Amino acid sequence: MNRLVVGITGASAPQLGIHLLRSLRALGGVETHLVISRAAHRTIELETGLTPSQVAELADVHHRRGDIAASIASGSFPTIGMVVVPCSMKTLAGIAHGYGDDLLNRAADVTLKERRRLVLVTRETPLSLVHLRNMVAVTEAGATVLPPTPAFYQRPTEIDDLLGHLSGKVLDQFGIAHDLYRRWRGAA
């Protein structure tokens, strides 16, 4: 079975990570390993009406952010990669500079060093030059920066349509088949 590490940070929009976890569960075939940052605990409560424990239950395995001895902290634990969704600018900076001060950043560092797919769904606007330089640094290191930019060619009618599109774009990065959004087939 494929394993995917999912990190949720304290950036606004934890709904992005929650939707992805729910989508992966519905699709099956991918074992999810979740790490929730300290700041994400508060953002989840403020923005979703869920508790961090309820979000953790959406994953197959939930790792405590301080557990540096967790399986995902080692390159010998095989995964198809990692997604951080949403990815705060603090976490982006830590990943860009190899600052593995907690399990989320360590797992991202392991993903890069093992040359596995790392997708960062960065959530901030506007962007400063520091943010942009950190995005360049992670891209040069092999990560993919995937901002949660909505697409309207699919003519979304509700927020779940937009969340589905983003989750689908993330799954595309890992080659995971899905039907979360209508793909562009050209103008009629």
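Guide: With cavities. On a 1 Å grid over the protein atoms alone, a cavity is a set of points where a 1.4 Å probe fits but cannot get out; a pocket is an open set with protein on both sides within 12 Å along at least five of seven lines; lining residues have an atom within 4 Å of a point. Grid points are joined across faces, edges and corners, and a volume is the space filled by probe spheres set on the points. This is a predicted model: local features need pLDDT of at least 70, side-chain atom pairs count only at pLDDT 80 or more, and totals for chains, interfaces and linings use all residues. Residues are numbered from 1 along each chain as its sequence is written, and side-chain values use heavy atoms, with hydrogens and water left out.

Visitor: Which residues line the largest cavity?

Guide: V5, I72, S74, F77, T79, A107, V110, T111 and R116. Its volume is about 50 Å³. The structure holds 1 cavity of 30 Å³ or more. Helix 5 gives the largest share of the lining, 3 residues. Helices (H or I, at least four residues) and strands (E, at least two) are DSSP runs, numbered from the N terminus.

Visitor: Is V5 buried or exposed?

Guide: Buried means under 20% relative accessible area, exposed over 50%, partly exposed in between (1.4 Å probe, protein chains only). V5 has 3%, so it is buried. It is found in strand 1 (residues 2-8). Contact means heavy atoms within 4.5 Å. Neighbours within four places in sequence aside, V5 is in contact with H33, I72, T79, G81, M82, V83 and A107.

Visitor: What lines the largest pocket?

Guide: The lining has 15 residues, and S37, R38, K90, T91 and D102 lie nearest the centre. Two or more residues each come from helix 2 (38-48), helix 4 and helix 5. Helix 4 gives the largest share, 3 residues. The pocket holds about 270 Å³ of space.

Visitor: How many residues of helix 4 are buried?

Guide: 6 of the 8, so helix 4 is largely enclosed by the rest of the structure. They are M89, T91, L92, G94, I95 and A96. Their cover includes strand 4 (81-87), helix 5, strand 5 (117-122) and helix 6 (129-141). After helix 4 comes G98, with a positive phi near 65°.

Visitor: Where does D102 lie?

Guide: In the loop between helix 4 (89-96) and helix 5 (103-113). A salt bridge is a side-chain nitrogen of Lys or Arg within 4 Å of a carboxyl oxygen of Asp or Glu. D102 is buried yet has none; R65, the nearest side chain of opposite charge, is 6.2 Å away. Lys and Arg count as positive, Asp and Glu as negative; His and the chain ends are not counted. The D102 side chain does reach the backbone nitrogen of N105 at 2.9 Å. A polar atom of that side chain also lies 3.3 Å from the backbone nitrogen of L104.

Visitor: How many salt bridges does a search of the whole structure find?

Guide: It finds 5. One of them joins R3 and E31 at 3.0 Å, N to O. R3 lies in strand 1 and E31 in strand 2 (residues 30-36), so the pair ties together parts 28 residues apart in sequence.

Visitor: What about pairs within a helix?

Guide: An α-helix has 3.6 residues a turn, so residues three or four places apart point the same way. D109 and R106 form a salt bridge at 3.7 Å, N to O. They sit 3 residues apart in helix 5, about one helical turn.

Conventions. Polar contact = N/O pair within 3.5 Å; in protein donor to acceptor, adjacent residues only side chain to side chain.
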